[in-house]
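Hi,

Here is the model you asked about, with some notes to read next to it. Have a look, then carry on below.

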Amino acid sequence: MTICDSAGIREVLEAAFPHPAEEYADAFFCQEMTAALESAAKEYKVRFLETVDEIRAGGLESAEFVLRLEEKKNKSVNVPLLREELPELFAELAFVSAANASKLLSKKFIYDATKKLIKDRITKYEEVNVKDLEARLPEPEYSRYVTDKPISERYVIEVKS
């Protein structure tokens, strides 16, 4: 069995698919090669997961390999224990994350409470949800207030027709 690293795979690919010298053609080649490799990576990932499922379900063993579960761990605080045993420290450190606050409280409540605290400085942070506005305003009035705003940019090389 041959196990390749990225340099070995690249060497094989460049031998099979030499990259063009002209800059636009090379950029297009790299763009298409990236898409092909990302697609292949997804297929290998699916195949890997299916094979691991087969190994686990069948209790399969190997003389050469071992299946090991690798875990990432995050530290977490035992909040009830801290609250009970060190209530003063707990009171100093306890918070509700913004994500949880938005789940627990309405947008309007959060807005009103924030506005009450920071007053006119809120204007810098005010937002309106596009879907909420769309539900409330008919066309063409809705279009007066909504614009397309680019969220990312990337170059794309296209073949001329």
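Which residue forms a salt bridge with E70? The partner is R68, and the closest N and O atoms of the two are 3.4 Å apart. By salt bridge I mean a side-chain nitrogen of Lys or Arg within 4 Å of a carboxyl oxygen of Asp or Glu. Both E70 and R68 are exposed; here buried is under 20% relative accessible area, exposed is over 50%, and partly exposed is in between (1.4 Å probe, protein chains only).

Some ground rules before the rest. This is a predicted model, where local features need pLDDT of at least 70 and side-chain atom pairs count only at pLDDT 80 or more, while totals for chains, interfaces and linings use all residues. Residues are numbered from 1 along each chain as its sequence is written, and side-chain values use heavy atoms, with hydrogens and water left out.

Back to the charges. Side chains of opposite charge can pair when their charged atoms come close. Searching the whole structure turns up four salt bridges. One of them joins E14 to R10, with 2.9 Å between the closest N and O atoms. These two sit four residues apart in helix α1 (residues 6-16), so about one helical turn separates E14 from R10. (Helices are DSSP runs of H or I with at least four residues, and strands are runs of E with at least two, numbered from the N terminus.) R10 counts as exposed at 55% relative accessibility, whereas E14 is partly exposed at 35%.

Another salt bridge pairs K107 with D132, the closest N and O atoms being 3.8 Å apart. This pair links distant parts of the chain, with K107 in helix α6 and D132 in helix α7 (residues 130-136), 25 residues apart. K107 is exposed at 61%, and D132 is partly exposed at 43%.

Helix α6 (residues 107-118) also holds I110. That residue is partly exposed, with 31% relative accessibility. I110 belongs to a nonpolar surface patch with V96, L104, L105 and F109, and together they have about 470 Å² of accessible area. Patches take residues with over 30% relative accessible area and no salt bridge, joining like charges within 9 Å and nonpolar side chains (Val, Leu, Ile, Met, Phe, Trp, Tyr) within 5 Å. The areas come from the Shrake-Rupley method with a 1.4 Å probe, and for residues only the protein chains shown count as cover.

Now for helix α2 (residues 23-58). Its 36 residues reach 51 Å from first C-alpha to last, close to the 52 Å expected at 1.5 Å a residue; the expected span is 1.5 Å times one less than the number of residues. E22 caps the N-terminal end of α2, with a side-chain oxygen 3.2 Å from the backbone nitrogen of Y24. Just after α2, G59 has a positive phi of about 60 degrees.

Last, a few loop details:

- S97 is in the loop between α4 (87-93) and α5 (98-104), and its side chain reaches the backbone nitrogen of N100 at 3.1 Å.
- K119, in the loop between α6 and α7, is a residue other than glycine with a positive phi, near 55 degrees. K119 is exposed, at 54%.
- P140 is in the loop between α7 and α8 (141-145), and the peptide bond from E139 to P140 is cis, with omega near 0 degrees.

Cheers

Notes:
Polar contact = N/O pair within 3.5 Å; in protein donor to acceptor, adjacent residues only side chain to side chain.
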